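The following explanation is intended to be read beside the sequence and the model.

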Amino acid sequence: MADIFDVIADGTRRDILQLLLDRATGGERGTSVSQIVHALGVSQPTVSKHLKVLREAELVSVREEGQHRYYSLAVAPLDEVDDWLGPFFSIDVENEPALPESAVHAAEVVGRAAASVKHSVTSALRKLPGR
């Protein structure tokens, strides 16, 4: 399996992951290649190439219905990225005492919830007429 950091280093793959996240947040059960091509303005061969890399990294799952394939985000592999980045957020750059572990955990939970709400609101606003 490719290193997860190599996989998400590519901007087009990050755009695909963001699109899948947006659509999943909007209640979609999967996104077709043609929907990705249309939304991102990238060629079908390019999208297919990037989806293959994302599948191999297990960042997306695919569901087949007849001749159509629908892709969905699989976030579990991103835990590796989260685990790696976590210590960087707890570095005491100004020599202040570190927070107790329970406070760090609470801050992480609140931060993730806030990011999720922000994303949901942003996605909902994009769907409003005139946007």
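Is Phe89 buried or exposed? Phe89 is exposed, its relative accessible area being 70%; buried denotes under 20% relative accessible area, exposed over 50%, and partly exposed the range in between, with a 1.4 Å probe and protein chains only. This is a predicted model, in which local features need pLDDT of at least 70 and side-chain atom pairs count only at pLDDT 80 or more, while totals for chains, interfaces and linings use all residues. Residues are numbered from 1 along each chain as its sequence is written, and side-chain values use heavy atoms, with hydrogens and water left out.

Phe89 is found in helix α5, which comprises residues 78-89. Helices (H or I, at least four residues) and strands (E, at least two) are DSSP runs numbered from the N terminus. Together with Trp84, Leu85 and Phe88, Phe89 forms a nonpolar patch on the surface, and the four residues have about 480 Å² of accessible area together. Such areas come from the Shrake-Rupley method with a 1.4 Å probe, and for residues only the protein chains shown count as cover. Patches consist of residues with over 30% relative accessible area and no salt bridge; like charges are joined within 9 Å, and nonpolar side chains (Val, Leu, Ile, Met, Phe, Trp, Tyr) within 5 Å.

Ser32 belongs to strand β1, residues 31-32. Ser32 counts as buried because its relative accessible area is 9%. Its side chain makes a polar contact with the side chain of Ser34 at 3.1 Å. A polar contact is a pair of N or O atoms within 3.5 Å; within protein, one must be able to donate a hydrogen and the other to accept it, and residues adjacent in sequence count only if both atoms are side-chain atoms. Apart from neighbours within four places in sequence, Ser32 is in contact (heavy atoms within 4.5 Å) with Arg69 and Tyr70.

The charged pairs come next. A salt bridge requires a side-chain nitrogen of Lys or Arg within 4 Å of a carboxyl oxygen of Asp or Glu, and the count by this rule is 4. One of them joins Lys52 to Glu56, with the closest N and O atoms 3.9 Å apart. Both residues lie in helix α4 (residues 44-56), 4 residues apart, about one turn of the helix. Lys52 is partly exposed, at 44% relative accessibility.

Another salt bridge links Arg23 and Glu28, with 3.4 Å between the closest N and O atoms; Glu28 is partly exposed at 40%. Glu65 and Arg63 also meet in a salt bridge, at 2.1 Å from N to O. Glu65 is partly exposed, with a relative accessible area of 40%, and Arg63 is partly exposed at 22%.
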